[in-house]
Amino acid sequence: MNRITEVFQNGKANLLNVYFTAGYPNLNDTATVLQALQDEGADLVEIGMPYSDPVADGETIQQSNQQALENGMTVAVLFEQLQNVRDRVTLPILLMGYLNPVVQFGVENFCKKCQEVGVDGLILPDMPMDVYLDDYKTIFEKYGLLNIFLITPQTSDARVRQIDGVSQGFIYMVSSASVTGAQSGVSAGMEAYFARINAMGLHNPRLIGFGIKDRDTFQTACQHAKGAIIGSQFIRVLQENAHDLQPGIGAFLRSVK
Amino acid sequence: MTETTTKPAFGVTERGYYGDFGGAYIPEMLYPNVEELRQNYLKIMAEPDFQIEFQALLRDFVGRPTPLFFAKRLSEKYGCKIYLKREDLCHTGAHKVNNTVGQILIAKRLKKQRIVAETGAGQHGVATATVCALMGMECIIYMGELDIERQAPNVARMQMLGAEVRPAKSGSKTLKDATNEAMRHWINNPVDTHYIIGSVVGPHPYPDMVARFQAVISEEIKKQLVEKEGRPNPDYVLACVGGGSNAAGAFYHFLDEPSVRLIAVEAAGRGIDSGHSAATTALGKPGILHGSRTILMQTNDGQVVEPYSISAGLDYPGIGPIHAHLFKSGRAEFYAATDQEALEASLELSRTEGIIPALETAHALAYLKNLNAKPHEIVVINLSGRGDKDLNTYMKHL
Ligand SMILES: Cc1ncc(COP(=O)(O)O)c(C=O)c1O
């Protein structure tokens, strides 16, 4: 069974999904960060494939993308770094990134590599649903990859239903209308949106992301969904602990969960 | 109603594809806004009260129709009949305002309160700030830090008009980065804000919408040529291409006229192979940028390459999907002019015709020396903007 499906089926609550940028803070930190996340109790991981023009990301993730690219990160290097990672890491792994580097690598080749190294799902925010359904769905499925869609407070009920219908694994519920790294926390308006989505009786579980940064925001998010996603705040932790990643990551995860 | 805004161009599909190029590659955060626009833009543009207001503004505010000027001395020099379509005489000094007048009317009908836009040369920023002032709407303009420096007069104009100019500090600090920031701003302000994109780039419906608003250029050329030459079609139409809005407008009504050669000129910067260039069709390959599948300058790994041109308005690593299609299908010919050639062409036009062109426009003019048109042939050059904003640069190179 796909590891993403499995983690949602085994009934555990308050799932913590952590995003980090591949090749950040240093090129060869990818596997170190991944291992530390597993050891310190993350439930899923999203590995960001850096991109020169990440329009859905705020400053923190932009800078980590920039730094990773300067470090020499590429899609090909990432697959090398993930080569034997499944000997040690059992967490569900998602790759997150923008569509152009994937298209240039070759979508089928990319998916094949994902399967080889043990990737379970993809999050490609600028891939339109119709392009996915017409061109990529059968390829993703052939290589056992779940495609994760996003919804936002502005997504209409009809579109939420449509997304639910084509989703597998989970739906990425963007907490507020913003790029990543917003500092707003969880407001009353957001709670109304979470309640609206919860009342819809969707097939897929949700994880809440954007603006989740500490125990407080994580707990609040978990009251409204299966768990939550931490991105920008974790990038800050990596930045601050660049020289000794494992203890820094451990301390941060314990402060959240 | 004129045919300008209702005739579909380039066989664009409902999902915004021109052949292999176009579409709407946007994150879900932008979907509601872009979808709202897609569902409404053609409907709004066809409404009689929109047409009346739009045509009146083009006439009385923008100053249309712009003249089609026979450039006598330039014609003698190059041995053909050269006409200049005087978009430089539009209010604010470039063709950009044709589009901003149209989009602000759409934004109003969509009940938006705020406008965000990107700008390179500052012409689109000024044109946007102008229509925002006219309509009493709040205006935020993102502009690359480098462009804020090299197009200072336009920054001052935007501020005079009440717009807030915000620097884009990432990447090469130019047009691409300003576009990224404007998109992020729109993501962060999804309800009451409209994004006025300044060229035929971005997710569908922008390329089609902007092309329709700029199509007035070729509509007028046709009528004016009948008056002056007794025939609607020239032999050549020349335009510079950054994103490609002035070229799209100048080509629009000639696309189905195979006798008209369409010539697009990009910025070669210091030379196509110098590593400092913005000649997208020469250096790029298919990929996805700013919401559409197009041709863009990128590494083998799919990272966007930072472009370079002396001209802020052409300093962009992509082109609109319309142009990617015109290039691939061979309907338009694509060339590139260097910084130096553009500077020389600019000086030449200034001194032979008494018109100082924008640096962007000068790239189109620079192709004249390679054209080899015959004496009876008619060449129309889209004079997309005036050069006041570039005087600092010109003085440095004089
Ligand atoms: C005068 C002028 N011409 C041309 C351009 C390039 O834009 P486009 O290719 O969309 O016409 C600009 C952009 O700033 C401009 O100011």
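This is a predicted model: local features need pLDDT of at least 70, side-chain atom pairs count only at pLDDT 80 or more; totals for chains, interfaces and linings use all residues.
B:Pro205 turns up in the loop of chain B that runs between strand 8 (193-195) and helix 9 (206-214). The peptide bond leading from B:His204 into B:Pro205 is cis, with an omega near 15°. Most peptide bonds are trans. Chain B also has a cis bond from B:Arg64 to B:Pro65, and there omega is near 0°. B:Pro65, too, is a loop residue, found between helix 2 (48-62) and strand 3 (68-70) of chain B.

Most residues other than glycine have a negative phi. Is B:Asn372 buried or exposed? With 67% relative accessibility, B:Asn372 counts as exposed, because the cut-off for that class is over 50%.

Now for the ligand. The shell around the ligand is made up of 20 residues, and the closest are B:Ser199, B:Gly242, B:Gly244, B:Ser245 and B:Ser384. Sorted by class, the shell comes out as 12 polar, 6 nonpolar and 2 charged residues. Which helices of chain B each supply at least two residues of that shell? Helix 11 (245-251) and helix 15 (359-365) do. As for the site itself, the space that the ligand takes up is the largest cavity.

One oxygen atom of the ligand is 2.7 Å from a backbone N or O atom of B:Gly242. For B:Gly244, a polar backbone atom lies 2.7 Å from an oxygen atom of the ligand. B:Ser384 uses its side chain instead, placing a polar atom 2.7 Å from a nitrogen atom of the ligand. How much of the ligand does the protein bury? On its own, the ligand exposes 390 Å², and the protein buries 97% of that.

B:Gln103 is part of helix 4 (residues 96-109) of chain B. Its relative accessible area is 0%, so B:Gln103 is buried. What does the side chain of B:Gln103 have within reach of a polar atom? The backbone oxygen of B:Ile197 lies 3.2 Å from a polar atom of that side chain. In chain A, A:Thr152 lies in the loop between strand 6 (150-151) and helix 8 (157-166). A:Thr152 counts as buried, because its relative accessibility is 2% and the cut-off for buried is under 20%. A:Thr152 also pairs up in space with A:Met173: the C-alpha atoms are 6.1 Å apart, while the two residues are 21 residues apart in sequence.

Methods. Residues are numbered from 1 along each chain as its sequence is written. Chains are lettered from A and ligands numbered from 1 in the order in which they are written. Side-chain values use heavy atoms; hydrogens and water are left out. A residue is near a molecule or strand if one of its heavy atoms lies within 4 Å of it. A polar contact is a pair of N or O atoms within 3.5 Å; within protein, one must be able to donate a hydrogen and the other to accept it, and residues adjacent in sequence count only if both atoms are side-chain atoms. Accessible areas come from the Shrake-Rupley method with a 1.4 Å probe; for residues, only the protein chains shown count as cover. On a 1 Å grid over the protein atoms alone, a cavity is a set of points where a 1.4 Å probe fits but cannot get out, and a pocket is an open set with protein on both sides within 12 Å along at least five of seven lines; lining residues have an atom within 4 Å of a point. A molecule sits in a cavity or pocket if more than half of its atoms lie within 2 Å of its grid points. Helices (H or I, at least four residues) and strands (E, at least two) are DSSP runs, numbered from the N terminus. Ala, Val, Leu, Ile, Met, Phe, Trp, Tyr, Cys and Pro count as nonpolar, Asp, Glu, Lys and Arg as charged, and the others, Gly among them, as polar. Buried means under 20% relative accessible area, exposed over 50%, partly exposed in between (1.4 Å probe, protein chains only).
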